[in-house]
2 protein chains.
Amino acid sequence: MGAAVPGGARDPSDERTSMQLDESSPLPLYRQIYDSIRTGIDAGSYPPGSRLPSIRGLADELQCSRNTIDAAYSLLVEEGFVASRPGSGYRVLDLHQLSPVPAPAAAGHTSPAAPAGANPVRYDFSYGNLEPGTFPASAWRSIVDDLLLSVESRTCDTYTNPLGEMALRQQIAWRLNSSRNMDCTADQIIVQAGTAASIQNLLALFDSGRDTVCMEEPGYDGARQVFSRSAFPVAPCRVYGTMENFFEDLEKAQPRLLYVTPSSQFPTCSVMPIKMRARLIAWAEANDTYILEDDYCRDFRYRERPLPPLQSMDQSGRVIYMGTFSKSLSPALRMNYLVLPPRLLERWHEKFRGAYPTVPWLSQAACARFMADGQWDRHLRRLQMKNLRKYTALFEALQKAMGQKVDVLENGTGLHLLVDVKDGRSQEELLALARAAGVAVYGTERYWMSENHPLKSCMLVGFSAIREEDIAPGIDALAQAWFG
Amino acid sequence: MGAAVPGGARDPSDERTSMQLDESSPLPLYRQIYDSIRTGIDAGSYPPGSRLPSIRGLADELQCSRNTIDAAYSLLVEEGFVASRPGSGYRVLDLHQLSPVPAPAAAGHTSPAAPAGANPVRYDFSYGNLEPGTFPASAWRSIVDDLLLSVESRTCDTYTNPLGEMALRQQIAWRLNSSRNMDCTADQIIVQAGTAASIQNLLALFDSGRDTVCMEEPGYDGARQVFSRSAFPVAPCRVYGTMENFFEDLEKAQPRLLYVTPSSQFPTCSVMPIKMRARLIAWAEANDTYILEDDYCRDFRYRERPLPPLQSMDQSGRVIYMGTFSKSLSPALRMNYLVLPPRLLERWHEKFRGAYPTVPWLSQAACARFMADGQWDRHLRRLQMKNLRKYTALFEALQKAMGQKVDVLENGTGLHLLVDVKDGRSQEELLALARAAGVAVYGTERYWMSENHPLKSCMLVGFSAIREEDIAPGIDALAQAWFG
């Protein structure tokens with residue numbers, strides 16, 4: 001920390017500080033200044049509302065350049081300790097306003113955060129977040145630069161198309177039609193602010209007082225949460241055992257909407273067989289039901305070529321297709337899309353007449369450009385290769401370190417594997433042992449609606465966020481924790 | 001158009017084109033090439049799926065630089081006529097996929113688009129969009145640049161805080177507390193993807209089977225649409241006549257939620273009197289009702305200082321405050337925020353446990369930085385001054401050109417005036433006369449729930465989008481159209 005001494009400056013700002021800098025410290029000067037003021041804020045010597053010394057004054061006093069002070073102050077501003085107000089300099093913010101929000105309890109497509117007080121996580125086999133550096137920040141930057149420098153930036157002054165930017169919808173339609181055997185027009189595509197927002201809006205086309213929703217059991221709890229929040233009754237359809245289980249449950253519930261994940265069932269990663277697909281579409285047609293096909297993970301298929309989506313087999317406009325950019329580009333972009341069959345598209349136009357878009361123009365325009373000039377395809381290919389390597393590494397590490405002690409459910413898709421420890425220990429016990437060893441793997445209870453189910457001790461081991469080189473050592477540590 | 005001749009090139013792409021460029025044309029070369037290919041696509045000489053000549057080949061043939069060809073092709077890609085596919089060059093897209101979507105019928109906070117086939121609009125007195133150039137594109141660009149170059153860009157690889165970025169929520173809280181007399185913490189602020197999305201999510205905390213919503217009559221139809229879409233019964237409360245009308249309606253409807261616009265009632269722009277505010281809060285407390293205060297237009301007040309928001313007078317946690325960036329920064333940013341009272345905040349945490357954010361991290365981080373370093377304040381001051389000038393110009397132009405023939409409802413707030421023509425002609429007739437003269441002003445029928453109301457012939461004349469210098473000539477043209 002060097003010899004930086006907590007600043008003793010008080011309001012007014014022209015009072016001299018007691019800040020001292022250590023020339024021999026390995027910390028850069030701006031960092032020493034920052035540390036000193038931070039300590040002062042914590043200790044109360046800079047109370048809320050008090051002014052920091054002026055940049056010029058402090059630079060003179062410490063005999064350093066104003067840029068150094070400016071860098072320290074900017075960091076304080078960025079971190080939310082200090083606000084800069086034109087004309088009145090830098091003021092310390094009220095830290096009582098800054099108490100951290102409880103960490104968001106993550107749902108479904110993300111694994112939950114580690115419990116507070118747990119050992120530091122050395123190896124995080126979470127599912128959902130992407131490996132640092134996945135987002136093509138520098139390519140994105142030059143596209144955003146171009147857009148904001150061009151006359152197109154004028155679009156920022158207007159309300160834009162509520163269904164999404166045509167250029168982006170065309171790029172999406174083109175790819176769905178050319179690489180997924182689908183047959184849709186850009187008009188059918190509606191750009192949305194994520195899976196939950198999509199489902200929530202879609203539910204406006206249904207009637208919570210009359211319509212039941214079915215979903216897979218086990219299934220994505222994030223979708224279930226949206227159905228419940230919108231007050232729709234939800235009935236589970238078993239995707240384990242035989243296919244008849246599923247159709248029995250479906251027949252019994254008679255849903256108006258069925259949510260499925262055919263290309264990689266969440267969380268089992270199984271692929272819906274072609275026979276079941278045909279039967280499902282016929283069932284939907286015969287029973288006046290819509291199928292919401294969440295194709296969230298189609299880009300990652302590690303053995304065979306993916307089967308065409310349900311949407312491409314649907315002749316009677318029963319399938320709503322949903323795709324996302326969260327797994328392949330950025331979860332923080334908050335962008336996905338729906339492809340509506342014509343009848344529902346009409347209903348959407350009625351219900352959302354005069355509505356506004358929910359995704360910023362700039363995100364959409366940048367993504368359209370990223371796709372149009374071919375960068376998307378290169379980016380996706382790289383990520384597919386990387387995920388294939390990680391998938392293989394994880395599977396092999398589990399085989400090597402745990403062998404017959406575990407069953408590994410893998411289906412050549414997805415961004416995680418399910419691992420079943422066969423010695424009868426409970427999921428809680430196994431998760432706790434792992435956490436104690438600094439390895440985060442995740443439970444699967446939340447994906448079930450029923451209490452009794454055959455996968456009690458299955459754990460989710462994700463590889464979307466962990467670095468390739470951490471997979472083998474992480475699994476070794478996990479084996480050590482579980483089997484000594 | 002120059003002498004550019006429709007390109008006769010067909011697949012395969014190495015065939016020579018018949019494209020000819022006109023050196024003496026005032027059109028730049030890339031534009032001539034673009035025009036030629038566009039014409040070719042329209043005429044069918046570039047059928048869907050056909051490849052454009054390679055950039056190098058066409059540059060050689062036309063003896064121009066590859067950059068010129070690249071510029072023409074990029075424009076075609078951007079406009080959605082052509083897709084670039086790595087390895088296979090530029091291909092013409094299927095135009096049947098590109099049939100334009102019906103123009104979004106705009107709602108409430110935006111004026112509707114001109115009817116098809118109308119005269120070109122020379123003067124658009126619309127409400128909602130901002131004047132071109134309002135968005136600080138270049139400042140925004142340098143902030144986004146910084147963010148994407150820094151290690152912070154790693155956030156793009158993760159799911160972020162569902163309530164919004166803390167840095168932004170702190171900036172918002174600081175400003176609300178210091179400039180609006182409010183007393184809220186950053187924890188109470190939830191960043192959302194626009195007014196409609198905010199209301200839709202908020203309604204998840206209420207019960208459509210049991211709870212009635214009240215809103216002002218006349219009032220913002222966009223909010224009414226969301227209430228209806230979520231199946232809530234909506235009851236109007238008259239804001240014309242005496243204050244007793246309003247409370248009579250309220251008493252009768254006994255709503256659980258009341259939507260109001262106290263700082264600038266939409267669309268009348270009246271300011272809710274202090275007496276009514278106190279009474280409303282007391283009523284809400286006594287009747288277990290929440291008040292949703294939409295403070296969409298608070299930044300623009302042209303005479304007195306604005307009254308403090310209802311939220312600042314609320315001692316019992318009955319007021320939900322809603323603010324937006326659409327009127328002051330960018331409607332295309334799709335960003336606004338809610339400030340929840342503690343009880344509802346708890347309910348929100350329950351209902352949205354594990355939910356995801358709906359606003360991209362990059363938008364939030366850029367906005368936080370824009371606010372933190374003082375650019376926001378300067379930007380807002382400039383816009384306030386500009387809107388004051390436009391407000392004054394519009395009011396004076398109406399007085400000068402129409403004098404006693406009209407009543408102008410103005411209350412020193414808002415981004416539009418209401419104009420009432422007193423000679424008994426219908427709104428339809430007056431709007432049609434204006435459109436025929438190339439002047440767009442807008443009807444107000446959509447803001448009413450009841451058919452019989454006292455403002456039948458009032459029209460909305462907005463000044464948010466029109467340029468300052470177009471206001472006087474536009475009003476002169478309108479006066480000419482209406483009164484000859």
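Is Arg446(B) buried, exposed or partly exposed, and what is its relative accessibility? Arg446(B) counts as partly exposed, at 21% relative accessibility. Here buried means under 20% relative accessible area, exposed means over 50%, and partly exposed lies in between (1.4 Å probe, protein chains only).

The model is predicted: local features need pLDDT of at least 70, side-chain atom pairs count only at pLDDT 80 or more, and totals for chains, interfaces and linings use all residues. Residues are numbered from 1 along each chain as its sequence is written, chains are lettered from A and ligands numbered from 1 in the order in which they are written, and side-chain values use heavy atoms, with hydrogens and water left out.

The secondary structure of chain A comprises 15 helices and 14 strands. Helices (H or I, at least four residues) and strands (E, at least two) are DSSP runs, numbered from the N terminus. Along the principal axes, the C-alpha atoms of chain A fill a box of roughly 80 × 65 × 45 Å. Chain A has 484 residues, of which 60% count as buried. Contacts (heavy atoms within 4.5 Å) were also sorted by sequence separation. In chain A, 71% of the contacts between residues at least 6 apart in sequence join residues at least 24 apart.

The two chains were then compared.

The interface draws 93 residues from chain B and 97 residues from chain A. Of the interface residues of chain B, 100% are also interface residues in chain A, so the copies meet through the same surface. About 7600 Å² is buried between the chains, and carbon and sulfur atoms give 55% of this area. Asp157(B), Tyr159(B) and Trp174(B) supply 10% of the area that chain B buries against chain A, more than any other three residues. Buried area is the accessible area (1.4 Å probe) that two parts lose on being put together, summed over both.

Between chain B and chain A the count is 2 salt bridges, a salt bridge being a side-chain nitrogen of Lys or Arg within 4 Å of a carboxyl oxygen of Asp or Glu. The side chains of Arg141(B) and Asp145(A) form a salt bridge, at 3.3 Å from N to O. The elements that give two or more residues to the side of chain B that touches chain A include helix 3 (66-78), strand 1 (82-85), helix 4 (137-149) and helix 12 (361-372) of chain B. Helix 5 of chain B gives the largest share of that side, 8 residues.

Over all chains the structure holds 46 salt bridges. In one of them, Asp146(B) pairs with Arg369(B), with the closest N and O atoms 3.6 Å apart. Asp146(B) lies in helix 4 of chain B and Arg369(B) in helix 12 of chain B, so the pair ties together parts that are 223 residues apart in sequence. Asp146(B) is partly exposed at 43% relative accessibility, whereas Arg369(B) is buried at 16%.

A salt bridge also joins the side chains of Asp295(B) and Arg180(B), at 3.6 Å from N to O. Asp295(B) sits in the loop between strand 8 (290-294) and helix 10 (310-313) of chain B, and Arg180(B) in the loop between helix 5 and strand 4 (189-192) of chain B, 115 residues apart. Asp295(B) is buried, with a relative accessible area of 3%. Arg180(B) is buried too, at 11%.

Arg446(B) itself meets Asp221(B) in a salt bridge, at 3.5 Å from N to O. Arg446(B) lies in the loop between strand 13 (439-440) and strand 14 (458-462) of chain B, and Asp221(B) in helix 7 of chain B, 225 residues apart. Asp221(B) is buried, with a relative accessible area of 11%. In chain A, salt bridges that share partners join Arg180(A), Asp295(A), Arg298(A) and Asp299(A) into one network.
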